[in-house]
Amino acid sequence: MDTSLSTIAVVGLGTMGTGIAEVLALAGREVIGIDISEAAALGAVTSLEASTARAVGRGRITEQERTDALARFRTSDDLRTAADAELVIEVVPETYEIKQQVFRELDAIVSPTAILATGTNALSVTRLAAESQHPERVLGLHFFNPAPAMKLVEVVSSVLTAPPAVEAVTALARELGKEPVAVGDRPGFVADGLLFGYLNQAAAMYEANYASREDIDAAMKLGCGLPMGPLALLDLIGIDTARTVLEAMYAESHDRLHAPAPVLGQLSSAGLTGRKAGRGFYTYDAPGGQAVVPDALTPAADAASGAGRDVASVGVAGSGTMASGIAEVFAKAGYDVVLAARSQEKADVAKGRIAKSLERSVTKGRLTAEARDETLARITAAGSLDAFAEVDLAVEAVAEDLGIKQQLFAALDKVCQPGAVLATTTSSLPVVAIARATARPEDVIGMHFFNPAPAMKLVEVVRTVLTADDVHATVRAVCARIRKHPVDCGDRAGFIVNALLFPYLNNAIKMVEEHYASLDDIDAAMKLGGGYPMGPFELLDVVGLDVSLAIEKVLHKEFRDPGLAPAPLLEHLVAAGCLGRKTGRGFREYARR
């Protein structure tokens, strides 16, 4: 089997094929771009010329390197021009019929030692290989879009693939400056296998009118640090393409989380396939355009949620990291804050934590010493909830236990003045069940901050069926004053972020349980292929496996979906006391501080 791979054919010159051809040509390979469409071939040349010109302008390559790369790229509409290629990468439309036809024709054209790679991200590599006269040389080589920028390449082996072929393309990927991850043959592989389930759930959430498209996307960007929201990403990928991937995944897994949301089929059938069509979940300035333009669903900039209540003082109940962070946020915004804990000592410790946080901000030049002193002076530490008698807004940030929160709200009901807004920071418990612990459930709302509260911009504002309109308006106005981005969502388990995030994390654990891929490869795939700031196992260890398991159980109990059942490996680690960074061991081991 030829392992030099100096001459490479790319079959299919759409966006992905053109991007792969550019990467190869810049890396010194002779590249034959093949497409039955003359327009596509001309478009590939034009695209390569423009892209390399931009690279020269930005100082990434020299003019000579650009000239040499363009000279190494030639196009054809005849598959027979691939005869001398040592590697052929097909990136034709995502159907078995078309890909199998390409492989059958290539069998009669290329050398028996040439490697045949499919760029599929959804179809079975094994099934494609079985159609070839030399199935041992067929494998998957899945680049990510845009290929010149994205570092991840999934190298997909079937049960028929010869190890030398895998070694050759893995070495090639490294020479191209990519990070190859070795995976087995199943629809979606690692990155798309995790990503598309998450995208599908976001589409279903939108279809159910649970939250607006803008709020879903903002929640995942601000709450998880993702580069794009899920619905905007579906528009970029192509809604029809996403549906094809999900159909293939569902055919394999029979997992309801992979069953394409009906809205994907409806949009695809209507030709509203995303950016390429000029309209999908959002509307764009033109087919192929990137700029979102207002449409009938775009919220009005001056949309008012009604008159709220006056809030001058805020009470924060709790003594942990989240309570301290929330109290700091309110005090920085100019509110008088009462920070109440179960004892004066605990309250003083929590205020001391805020003082240290403010001092760090001064040291880093983010806050003046005067502002630090003024902020700290606005915070009163108290050892009893009785200090909440005159606050206008009470925010609880105690343990994520329904009984504890209900007990606290029953106490707030007795202490707080009439008209005070009572907010819970729960991330997964039913807000209405907390509200019913009071005699004024209309005054209760969810106000879910993210950790660390001073840094994270997102607040999920959770209305129950009993929450008063002016309470909702009050919290929206307060979020604006403390410079947080509020997203509205209904009172159901997980709200937006956790309902989308934790099934994705759970599915990553299942991949490891099934020995499909390693922790390191899965983390690398999601960071390099999905643009995630942390891999799923890094994130699980930071969040805490016990916290993650509790949220998974709440989601499973609420939605009764077998696919949401916590992965047994997660339950075993928690039972063993391996809870993540806080215990020194979770999915990985950490040095004790």
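Predicted model: local features only at pLDDT ≥ 70, side-chain atom pairs only at ≥ 80, totals over all residues.
Local features are given where pLDDT is at least 70, side-chain atom pairs count only at pLDDT 80 or more, and totals for chains, interfaces and linings use all residues. Residues are numbered from 1 along each chain as its sequence is written, and side-chain values use heavy atoms, without hydrogens and water.

The structure contains 27 salt bridges, a salt bridge being a side-chain nitrogen of Lys or Arg within 4 Å of a carboxyl oxygen of Asp or Glu. One of them links the side chains of glutamate 63 and arginine 66, with an N to O distance of 3.5 Å. Both residues belong to helix 3 (residues 63-71), where they stand three residues apart, about one turn of the helix. Helices (H or I, at least four residues) and strands (E, at least two) are DSSP runs, numbered from the N terminus. Glutamate 63 is partly exposed at 44% relative accessible area, whereas arginine 66 is buried at 18%. Here buried means under 20% relative accessible area, exposed over 50%, and partly exposed in between (1.4 Å probe, protein chains only).

A further salt bridge brings together aspartate 413 and arginine 440, whose closest N and O atoms are 2.9 Å apart. Aspartate 413 lies in helix 15 (residues 402-415) and arginine 440 in the loop between helix 16 (431-435) and strand 16 (444-449), so the pair ties together parts that are 27 residues apart in sequence. Arginine 440 is buried, with a relative accessible area of 8%.

Salt bridges with shared partners also join Glu90, Glu94 and Lys99 into one network. Lysine 99 is buried, its relative accessible area being 1%.
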